[in-house]
Structure formats: structure tokens, C-alpha cells
Amino acid sequence: MNYQGKNIVIIGLGITGLSCVNYFLAQGVIPKVIDTRTEPAGLDKLDKRVAYHLGSLRLDWLLEADLIVSSPGIALATPELQKAAEQGVEIVGDIELFCREVNKLGNKKIAAITGANGKTTVTTLVGEIVKASGISVGVGGNIGQDALSLLEHDYDIYVLELSSFQLETTSSLKATVATILNITEDHMDRYPLGIAQYTAAKQRIYHQAMHCLINADDPLTVPETGFSDRCIEFGLHQGDYSLDTRYQHLLVDGEAVFDTADMQLIGLHNYTNALAALAIADKLGIDRAVTYSVLKQFKGLPHRFELVHEHRGVRWINDSKATNVGSTEAALRSLVYQGHLYLLLGGDGKAADFSPLIPYLQKDNITIYSFGRDRQLLAKLKPESTVVVETMAEAMKEIATKVKPDDVVLLSPACASLDQFKNYVERGNVFAQLAKEFDA
């Protein structure tokens, strides 16, 4: 698309916003910038030629625009954006700009990965597999590098993690292989119409994909158009890529191809992540031997079901990235333990329904410690076996006096962290630090 002479308005600064500004400046187009914050990150790096407005969504600029490039953090339902859309103004995000550029090149492959849980692990793992094969690869989108900066290098394959927010404004994505790993209730504060609205945003990843990788255990991941010959399946118990739960082998078309005992990742949910990565790598044309080699070496990512401390037979597992109910469900399904489980739940639940956790909490050897903003709501899941505290630190201090060999302390909060921490990373780091201090 030729943007020359167009009135471009970018909403949101920060790393992504600046990448959009630089993208247009490189084409000789000077955009305007709006940010609802009064002191946005990146303002000091903004080119002096670019006019900006801070503190609100300036409606006259939006209505006069030919194209609005909006931050994924701004909902399309925002009244100002709705008015612009009604006036016929096109609204896109940086992922859409990226896809338009890649489509011009015609010879690139894209692996597009979304899902409520596991997408960062799978994206990173696929990136490592492609890199190990010797093919040039750019990994980014919702993690790592912003998408537009990936265009500065001539990569052969792009591996993108995409959020539902990013997919809302993306229409030109033509993935070689696209996957929705799973769908569980998340961001219901953004999707007032519920999980159907959230699912519809995720489903956009399939629209022009060559191959659709669906989760055989999750019907919500099947394309809206239905199952077809462009679909392949992965799943714990069924699918083209599945797990032999007796011997814990990864299976392809029913044939054992890899022993999970050789992996450093732990937990059933990570075995399904490995199956998804294997399927994606296959569709990208990567040699299986390379994939197996990386599966043996990959240690996983911090704050994702990470064993951070083990002492006197007690394991302390940091799953701080579990910011929604589905992530915590996955952790509880995957966890194997002999003794008592001390489960830390808490934070900002983002208006989610916590009740899907109830079936996983019925054992007598599970005690919940609920903390943070939604601690009282979480306590209702199992009132007779829940200790309600103000902070995670209070919970951990008490737990440390009770644990015995074979016990597990699991931080898998099912909530966002922003009520008490900067982000899930800080929450996980504090958990790891306190685990070592209290269990010294």
C-alpha cells in the first residue's frame, strides 16, 4: 500500500508506537501521534517533526485521518475509535502493517501462534528449532522484537506470537501455519460479550492460513469454517500429533518419535507445547532431527511452571505467568506430587469466572492460600481449605513452617499481578527469592 500523502495517526507510543513512527518516516510520511498517557514511554525518542497529543484521544485528529494505527491496548470499542470507524477511517495495528510488507515479498514463511496459554513457550521453541536448522528466522510480535523491526533483516521465516488484541486489527496475515493452542476465558474485561467474542478475535489467525493447527482436545480452536484438509491436529490423547500417556512418547500418526524423558521441560501441558512445536516445524519444512535435538536442550522460560527451589524434598514451582484461569488449570492438570500441595492464588482476576478450577481442588491434600485484590472471591472455591491473607509474602512465610518432604508449593495465581506488583515477572522473582529465604 502506498501511504504517500496520507494523513496517518498512530495511537500509543512505547516501543511498538515508535516502530510504527519510524516505519512511516522511512517512507517519507510524517504521522501524528496520540497517547492517552501524559508522560508516555518513548516520548524523548520521538522525531521532532512528529506532532503529538497527550492525555486523551483527540477526536478531530482521528476523524481527519486516512489511516489510524492503534495500539493493541486500545479496544476497538472505544467510543472515539468507533466514531472514526463509522466515518470510514481504516483502523489497523502494527501486525497488519508488517503483514502487508511481507506479502509484497512473496517468498517468506510465517508461523503464527496464539492461544490463551503456552503461546510464548511454543513461539520461542519454534524459533529455536528454525534457528538450529540454519534458516534465518525472526521471532517477535507479542514477545521479543516488535514486528516492524523484524523487517530490518531479510529473514526467510517469521515466527510470531499474536494476542487476541493484535489479531483484532489484522486482516492481511497469510500464515504458512497458524495455530490457536487453546481457548480459555481471559480478558473478559475487554470482551463484554464473553468467550464467543474472545474466540472470534483469536479465530482471525486462520483466515488466510495454508495450514491450521488445531487442538484436538479443545473444540473452540477448530476454524469457524469447520474442519477441512488444511487442518492438522495435536492433543494429549488424540490427533495427528499426540502423546502416548503410558510411555510418555510423542506420537506422529500413531508412531512413537520422541521420548519426553529426554526433555528438560516438565508437565503434561509442556508436552502438548512440544507436540505443537513439532507440528509447526514439520509444516515449515524443518528436518525432524533438528527438532528433536532442540527439544532435548530447551529448558523452558522463566515464570512458566519453573522449578525455582528444591530443598529437603519440597519443590517450589513458579508459574507466575499463569495470569488466567486456563493457565492455572493447565498447571494443576500437569502437576504430579506425592505429599501436600500448597497453592497460591491471587491478584486481579480481570472479571474472570474462577469456578472451572473447582474440580482440580477437591483432594484433601490441597490447601489454598489466597491473596491480593480478589482473595475473597478465590477463597470461595474451597472455603474449608483456604487461608486468606493480604500478600503473597504472608502466605509463603506461613507455608514455610508447614511443608514436609514430597510437598509442593505452587504459585499459579490465575490472576494478573498489577494490584500488588509491577508485572508477573516481579511477582515470580519475589516468589523465587522468598522461597529460598523462608525454606533455608
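Helices (H or I, at least four residues) and strands (E, at least two) are DSSP runs, numbered from the N terminus. The views below show a predicted model, in which local features need pLDDT of at least 70 and side-chain atom pairs count only at pLDDT 80 or more, while totals for chains, interfaces and linings use all residues. Residues are numbered from 1 along each chain as its sequence is written, and side-chain values use heavy atoms, with hydrogens and water left out.

View 1. An unreviewed UniProt entry gives "domain: Mur ligase central" for residues 113–281; UniProt positions are given in the numbering used here, feature names are shortened, and annotations may be inferred rather than shown by experiment. The span 113–281 is 27% helix and 23% strand, and its end C-alpha atoms lie 12 Å apart. For "domain: Mur ligase C-terminal", also from an unreviewed entry, UniProt lists residues 303–415. In residues 303–415 the end C-alpha atoms lie 14 Å apart, and the span is 20% helix and 27% strand.

View 2. The domain assignment, whose bounds come from an automatic or database source, divides the protein chain into domain 1 (8–92), domain 2 (96–296) and domain 3 (306–439). The C-alpha centres of domain 1 and domain 2 are 30 Å apart. Contact, meaning heavy atoms within 4.5 Å, links 15 residues of domain 1 with eleven residues of domain 2.

**View 3. Helix H1 against helix H4.** Helix H1 (residues 14–25) and helix H4 (residues 94–105) pack with their axes 10 Å apart, at an angle of about 40°; axes are lines fitted to C-alpha atoms, for helices over the stretch in contact, and angles run from 0 to 180 degrees between N-to-C directions. H1 and H4 are therefore oblique to each other, given that angles under 35 degrees count as roughly parallel, over 145 as roughly antiparallel, 65 to 115 as roughly perpendicular and the rest as oblique. Their crossing is left-handed, a term used if the near helix is turned anticlockwise from the far one by less than a right angle, with right-handed used if clockwise. Thr 16, Cys 20, Tyr 23 and Phe 24 of H1 meet Asp 94, Leu 97 and Glu 101 of H4. This contact of H1 with H4 has four nonpolar, one polar and two charged residues, where Ala, Val, Leu, Ile, Met, Phe, Trp, Tyr, Cys and Pro count as nonpolar, Asp, Glu, Lys and Arg as charged, and the others, Gly among them, as polar.

**View 4. Helix H9 against helix H5.** The axes of helix H5 (residues 119–132) and helix H9 (residues 268–283) come within 9 Å and cross at roughly 45°, which makes H5 oblique to H9. H5 passes H9 in a right-handed crossing. Residues of the contact include Leu 125 and Ile 129 of H5, together with Ala 277 and Ile 280 of H9. By class, the contact of H5 with H9 divides into nine nonpolar, three polar and no charged residues.

**View 5. Helix H9 against helix H10.** H9 also packs with helix H10 (residues 288–297), at an angle of about 155° and with the axes 10 Å apart, so H9 and H10 are roughly antiparallel to each other.
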